[in-house]
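Reader: Could you walk me through this model before I set anything up?

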Amino acid sequence: MPKAELPTLEKASVSNWGRGFISPDSRHLVYSVYDNGRAFVVVDNHESPLLFDKVAVPTFSPDGQLMVYAGKRNGQWYMVENETVTEKTISGISEIQTIFFRPGTQEYYVVSKNDNTLSIMVNGTTPLPGFEPKEYGYMTNLVQSDDGQHLAFLLEGNTDYIYQDGVMAKLADYVHEGGGLTFSPDSSHFAYAVHDGRKAYCVINGKKQPPYERIKINSLTFNPVTNELFYVAQKDGMRRVVSSSSQGPQFNDFPDQKIAFSPNGKHIAYFAQRYEARSRKNLLVIDHHAEPVTLAPLSVHDTLFTDLIFDSDSQLHFLRQQHYDIYLVEKKLSSS
């Protein structure tokens, strides 16, 4: 990659540290440093000789072999790859919002903004196919499929748009809290949730699902084997886990922990809450057609500390906190 020449600046003493980033393989660390109007990065405890007015979003590729960031000098943004200032420049941009990599590759996307106009460039040089740079509200809930072949995100504002694989679509209904965009584990299905002002519903591969009063946005989860979508929905003031083929028992509420599935996809588990008198009972629900299991002595004052994790098709665990103590809770399933 050709290099771009930058004038040499004298490095000042360190007084302001930026956020650190660890590579996906956990072998490298990078963070930015700001002092006296100059900015540079520190990679694996080595200070970069490249000085800028501003440094934006140091980011590692999935294999940890490529570290990319944007550096601004005299109003011009330069893309830096593995400490080489490339000829990839971005002009007329006031802010670099984020840089992210396509899974399993060294292809990256640069999200930038000038006033209220949002732009996205592939590898810092090529406009993202199908994306029209213009004034949007804000970009949210960016997701990619596990195979790296699909990209989707929302643009929320006075009008909501959804981008998916090169196609921008205006949404007739508004998106709440990012819409819970998600791809199935095999990357063949795409789902999100919207609200039409009266009812909420999920959309799977472009098809509307049954409407509900509310949908818990962060609950959208695909079964890793069947690719069936499960989520928490509310009807008549009560909430339950639903899918296209099943409905779980009713509860008053659900905490933020995610729905979990066994590796063979035959078992489902989640936390739920039931209000009794003036108390709130936390419950562990396994295979929601069965009776919930109470986590005695778990009370409303306890914190469900982690998501549920299946160790095998016949056992799951989670951590919970009670006062100042943390407990490992293991649960064996009766059959797998």
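Author: A term to begin with: two strands count as paired if DSSP finds at least two bridges between them. Strands (E, at least two residues) and helices (H or I, at least four) are DSSP runs, numbered from the N terminus. This is a predicted model, in which local features need pLDDT of at least 70 and side-chain atom pairs count only at pLDDT 80 or more, while totals for chains, interfaces and linings use all residues. Residues are numbered from 1 along each chain as its sequence is written, and side-chain values use heavy atoms, with hydrogens and water left out.

Reader: OK, then what is the order of the open sheet that contains E18?

Author: That open sheet has 4 strands in the order E18-E19-E20-E21, and their pairing is antiparallel. Its edge strands, each pairing on one side only, are E18 and strand E21 (207-208).

Reader: How many bridges join E18 and E19?

Author: There are 2 bridges between E18 and strand E19 (residues 190-195), in the antiparallel sense. Within this pairing, Thr 182 has Ala 191 in E19 as its bridge partner.

Reader: And the sheet with E5 in it, what order does that one have?

Author: The order there is E5-E6-E7-E8, an open sheet of 4 strands with antiparallel pairing. E5 and strand E8 (84-90) are the edge strands, since each pairs on one side only. Neighbouring strands of this sheet are turned by 25° against each other on average, direction ignored; the axes behind that angle are lines fitted to C-alpha atoms (for helices over the stretch in contact), and angles run from 0 to 180 degrees between N-to-C directions. Strand E7 (residues 76-81) pairs with E8 over 4 bridges in the antiparallel sense, and Tyr 78 has Thr 89 in E8 as its bridge partner.

Reader: Let me switch to hairpins. How many residues lie between E27 and E28?

Author: The hairpin of E27 and E28 has 2 residues between the strands, and Ala 277 in the turn has a positive phi of about 55°. Strand E27 (residues 268-276) and strand E28 (residues 279-286) pair in the antiparallel sense over 8 bridges, with Arg 274 partnered by Lys 281 in E28.

Reader: Which residue has a positive phi in the turn between E14 and E15?

Author: Gly 148 does, at about 75°, in a hairpin where 6 residues separate E14 from E15. Strand E14 (residues 138-144) and strand E15 (residues 151-156) are joined in the antiparallel sense over 5 bridges, and Met 139 stands opposite Leu 155 in E15.

Reader: Now electrostatics: how many salt bridges does a search of the whole structure find?

Author: The search finds 5 salt bridges, where the term means a side-chain nitrogen of Lys or Arg within 4 Å of a carboxyl oxygen of Asp or Glu. One of them joins Asp 53 to Arg 38, with the closest N and O atoms 2.6 Å apart. Asp 53 lies in the loop between strand E4 (46-47) and strand E5 (54-60), and Arg 38 in strand E3 (residues 38-43), so the pair ties together parts that are 15 residues apart in sequence.

Reader: Are Glu 81 and Lys 88 buried or exposed?

Author: Both Glu 81 and Lys 88 are buried, and they form a salt bridge in which the closest N and O atoms are 2.7 Å apart. Buried means under 20% relative accessible area, exposed over 50%, and partly exposed in between (1.4 Å probe, protein chains only). Asp 53, by contrast, counts as partly exposed at 29% relative accessibility, and Arg 38 counts as partly exposed at 27%.

Reader: Last topic, what volume does the largest pocket have?

Author: Its volume is about 470 Å³. On a 1 Å grid over the protein atoms alone, a pocket is an open set of points with protein on both sides within 12 Å along at least five of seven lines, a cavity is a set where a 1.4 Å probe fits but cannot get out, and lining residues have an atom within 4 Å of a point. Grid points are joined across faces, edges and corners, and a volume is the space filled by probe spheres set on the points. The largest pocket is lined by 21 residues, and Thr 182, Phe 183, Leu 220, Thr 221 and Lys 258 lie nearest its centre. E14 gives the most to this lining, with 3 residues.

Reader: And how many cavities of 30 Å³ or more are there?

Author: The search of the whole structure finds 1 cavity of that kind, and about 60 Å³ of space lies in the largest cavity. Its lining has 13 residues, those closest to the centre being Ser 219, Val 232, Pro 255, Gln 257 and Ile 259.
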